Amino acid sequence: KMAEQGTSFHHLDGDVLGIVFRNLQPRDIAVLSCASKELNTYTRSLSIWEELVRAAWRCEGAASAPCLANYNGDWKAMYCSRMALPRSFLLACDVVGATTASIRDASAETEGRLPNILLSDAFDRVARALVSISTQLKGTAAGSPVSSKAPPIVSKASAATSKAPTVSSKAAQAVQRSRELALCKQDVAWWMQEAPHVVMGFARRAREQARLASPSGSCSCASDVQWQRKALAFCLDLALNLREVHPSVGYRLERELQELDASAVLASKKGMGALAMMGEQ
């Protein structure tokens with residue numbers, strides 16, 4: 001009917017177009033944006049893309065300034081790019097981004113005088129998210145940390161608790177090229193460069209838990225050591241490959257990871273020795 005009257009989308013009022021586009025699926029809007037330069041420009045300015053991003057990824061990080069800046073303020077580009085990435089990866093990146101941004105801002109306001117307990121809790125959240133991100137990177141170069149060989153306690157706990165879905169190589173490559181991963185690396189670099197004592201404290205707590213862990217991997221300490229070690233190995237891999245991180249931080253973290261593994265091995269040997277003595281009795 002519009003064609004018969006010599007009318008096209010270009011002649012419609014902006015408010016009318018807004019109503020039309022709000023009743024379309026994102027995929028349809030994307031197709032229409034390819035019809036002409038004018039429609040492409042118009043669809044990029046629609047507030048619906050911001051609403052879609054906020055609805056799809058209900059996390060502060062997805063709407064934070066650093067993440068949006070990665071897309072030059074383009075909500076449409078952000079939505080289309082993120083739709084091709086695993087949801088668990090995006091949510092984990094958003095946790096890292098939101099948590100790090102919050103601590104960075106608070107640190108600036110207090111001139112770096114934040115309580116250690118606050119910093120430790122924040123990095124715990126970041127570390128748990130890094131485990132999810134490292135899972136998505138399996139099969140890529142970034143998914144193969146330098147210290148990937150885990151000691152017995154960690155290996156057993158990992159075998160018992162690992163339920164993460166297999167990630168296809170195509171998805172892993174998309175994750176590797178994503179802007180979200182680049183921003184996540186910047187956030188992790190900030191922790192290691194500006195708050196290395198927090199990262200090392202996390203490693204020391206993991207070492208203590210490894211010392212207390214059961215050789216069977218059945219106690220909660222063993223499962224905690226599993227994810228803590230994965231997070232530390234991921235941080236170490238980044239520390240050794242990012243220019244923003246001073247080499248000394250990477251060396252310290254590598255030493256902490258070695259001591260964590262040694263504690264896990266020692267705990268395993270002690271546990272086996274105790275079991276042998278019980279058998280003799």
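Colleague: Quick one to start: does tryptophan 190 count as buried or exposed, and at what relative accessibility?

Modeller: In this predicted model, tryptophan 190 has a relative accessibility of 17%, and because buried means under 20%, tryptophan 190 counts as buried.

Colleague: And what about tryptophan 191, buried or exposed?

Modeller: Tryptophan 191 is at 0% relative accessibility, so tryptophan 191 counts as buried.

Colleague: How are the rings of tryptophan 190 and tryptophan 191 arranged?

Modeller: The two form an aromatic pair of the edge-to-face kind, with 5.3 Å from centre to centre and 85 degrees between the planes.

Colleague: How many aromatic pairs turn up in the whole structure?

Modeller: A search of the whole structure gives 5 aromatic pairs. One of them joins phenylalanine 123 and phenylalanine 202, whose ring centres are 5.3 Å apart and whose planes stand at 80 degrees, so this pair is edge-to-face.

Colleague: Which helices do phenylalanine 123 and phenylalanine 202 lie in?

Modeller: Phenylalanine 123 belongs to helix 8 and phenylalanine 202 to helix 12, which covers residues 196–212, so the pair ties together parts that are 79 residues apart in sequence. Both phenylalanine 123 and phenylalanine 202 are buried.

Colleague: Which residues do the ring pairs link into a cluster?

Modeller: Phe123, Trp190, Trp191, Phe202 and Trp227 are linked into a cluster by ring pairs.

Colleague: Changing topic, how many helices and strands does the protein have?

Modeller: There are 14 helices and 0 strands, and of the 281 residues in the protein, 44% are buried.

Colleague: For contacts between residues at least 6 apart in sequence, what share joins residues at least 24 apart?

Modeller: That share is 75% in this protein.

Colleague: Let's look at helix 10: which of its residues are buried?

Modeller: Helix 10 runs over residues 169–177, and Ala171, Ala172, Ala174 and Val175 are buried there.

Colleague: Why do those four end up on the same side of helix 10?

Modeller: They cover an arc of only 160 degrees around the axis, which puts them on the same side of helix 10.

Colleague: What covers the buried residues of helix 10?

Modeller: The cover includes helix 7 (87–109), helix 8 (116–136) and helix 11 (179–194). Helix 8 is also where phenylalanine 123 lies.

Colleague: Which exposed residues sit on the face turned away from the buried side of helix 10?

Modeller: That face carries Ser169, Lys170 and Arg177, which are exposed.

Notes: Residues are numbered from 1 along each chain as its sequence is written. This is a predicted model: local features need pLDDT of at least 70, side-chain atom pairs count only at pLDDT 80 or more; totals for chains, interfaces and linings use all residues. Side-chain values use heavy atoms; hydrogens and water are left out. Buried means under 20% relative accessible area, exposed over 50%, partly exposed in between (1.4 Å probe, protein chains only). Helices (H or I, at least four residues) and strands (E, at least two) are DSSP runs, numbered from the N terminus. The arc is that of the directions from the helix axis to the C-beta atoms. Contact means heavy atoms within 4.5 Å. Rings of Phe, Tyr and Trp (its six-membered ring) pair if their centres lie within 6.5 Å; planes under 30 degrees apart count as stacked, over 60 as edge-to-face and the rest as tilted.
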